[in-house]
Amino acid sequence: MKYNFDQIIDRKGTNASKWEPQVLNQLFGEEDLLPFWVADMDFKVAQPIVDAIVKAAEHGIYGYSVRPEEYYKAIIDWTEKRFGWKIDKEWIDYTPGIVPAVNYAIQAFCMPGDNVVIQQPVYYPFSNAIKNNGCHVVSNDLVFDGGKYNMDFGDLESKLKDPKVTMMILCSPHNPVSRVWDLEDLKKVAQLCLENNVLLISDEIHNDLVYSGYKHTIFGLVGEEFLDNLMVCTAPSKTFNLAGMQSSNVIIPNPVHRQRFRRILEKNSIGGQNPLSIVSLIAAYTEGEEWLEQLLEYLEGNIKFIEEYLKENLPKAKMIKPQATYLAWIDFSGYESDSRKLEELMAKKARVAMDGGTWFGDQGAGYMRLNFACPRELLKKGLDRIAAALS
């Protein structure tokens, strides 16, 4: 490989949320933990991105910046090359992350008291965004069949028929269960939302991180008839380890919805962008593909390593093999069925920081989410700590 993903880079003292003692203490009650929680990677980004940022930084002036044509062209070309969806420049809006985008969407399209459908266990900031904007969470719980999670379409249909439901937030690929949704699943979701006048927000932040044997379908290709009822969110942040650059792409084909969303951006004074964020996105989408392909190969090796490790050392722990993302959803209930005690055991005894399954909803009881986007040596160290604690 051109890139060395085995290299261990010390992130302590760099203000990295994942590693900073005060953050770990606040969330887990302990400071000296090996972190596998928040979804960023412990890998150095692609060299062309570093070069672009260094060049911009060396200029020495960091004033207000505008997004150049090449910024939009990079997004458009990447979306077409990787997913086959040709989008127009005017469909694209900038937000400083997908979580902010979800909040702005709720503010734009929902009224306080409305219901918003999500599919738990799911990325917990969705619930926070819904509640913080005065709306109510309605969960169309995913169903585990022993091998993978599936959607319950009967339950979804009944919930979308409720006139109080005005929006559905889809996670595709799904976090934390690492599921790549089939085209037929996406068509059913789109049709049900359209029939019931429910706006669909598709969070596709992990869409580039899909493994061998699976193919992500960007929602814009599910059907031309669904475009006017759709808002697609993508970003270079998870793909290229650029979360701190705070940049996401919000794609809204419907001009009426687009204008409504933009009014909310104006109300929140969202417009300008960090100049280093601009050049990092351009470099990532135009020169980062080689790094990404090598990253995916390394991450698949980490998946295989976890599978073999659990089989040999933690046989009662069951991992759902990830189809996408760099997040392993592991059932530890065979060792500790009480979720609170399980989470405490991981922090206090194993000395590792992982997202507790119940963070994603009660449906995650007994599970922990492990971020395996790290050098294999660190991954083994963490798994050794867990094995020792559970033995």
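Which backbone oxygen lies 3.0 Å from a polar atom of the side chain of N140? It is the backbone oxygen of D152. The model is a predicted one, in which local features need pLDDT of at least 70 and side-chain atom pairs count only at pLDDT 80 or more, while totals for chains, interfaces and linings use all residues. Residues are numbered from 1 along each chain as its sequence is written, and side-chain values use heavy atoms, with hydrogens and water left out.

N140 sits in the loop between β4 (136–139) and β5 (143–144); helices (H or I, at least four residues) and strands (E, at least two) are DSSP runs, numbered from the N terminus. N140 counts as buried because its relative accessibility is 0%, where buried means under 20% relative accessible area, exposed over 50% and partly exposed in between (1.4 Å probe, protein chains only). The side chain of N140 also makes a polar contact of 2.9 Å with the side chain of D155. A polar contact is a pair of N or O atoms within 3.5 Å; within protein, one must be able to donate a hydrogen and the other to accept it, and residues adjacent in sequence count only if both atoms are side-chain atoms. Neighbours within four places in sequence aside, N140 is in contact (heavy atoms within 4.5 Å) with V117, I118, Q119, Q120, D152, D155, L156 and K159.

Strand β4 is also among the elements that cover the buried residues of α5, together with α4 (98–109), β3 (115–118), β7 and β8 (199–203). Those buried residues of α5 (residues 125–132) are P125, F126, S127, A129 and I130. After α5 comes G134, with a positive phi near 80°.

S178 belongs to the loop between β7 (165–171) and α7 (183–195), and T325 to the loop between β11 (318–320) and β12 (327–331). S178 counts as buried because its relative accessibility is 1%; T325 counts as buried because its value is 0%. Their side chains are joined by a polar contact of 3.0 Å. Beyond four places in sequence, T325 is in contact with H174, S178, H206, L209, Y211 and F372.

In soluble globular proteins, nonpolar side chains tend to be buried together. A nonpolar core is a set of buried Ala, Val, Leu, Ile, Met, Phe, Trp, Tyr and Cys residues joined through side-chain atoms within 4.5 Å. The largest one here has 102 residues, of which Y326, F332, M346, L370, F372 and I386 touch the most other members. Helix α11 (residues 289–313) supplies the largest share of this core, 10 residues. Apart from it lies another core, of 30 residues, including Y104, C171, M231 and F261.

Finally, there is a helix pair. The axes of α3 (residues 69–83) and α10 (residues 275–287) come within 9 Å and cross at roughly 35°. The contact is formed by E70, Y71, A74, I75 and W78 of α3 with I278, L281, I282, A284, Y285 and T286 of α10. Axes are lines fitted to C-alpha atoms, for helices over the stretch in contact, and angles run from 0 to 180 degrees between N-to-C directions.
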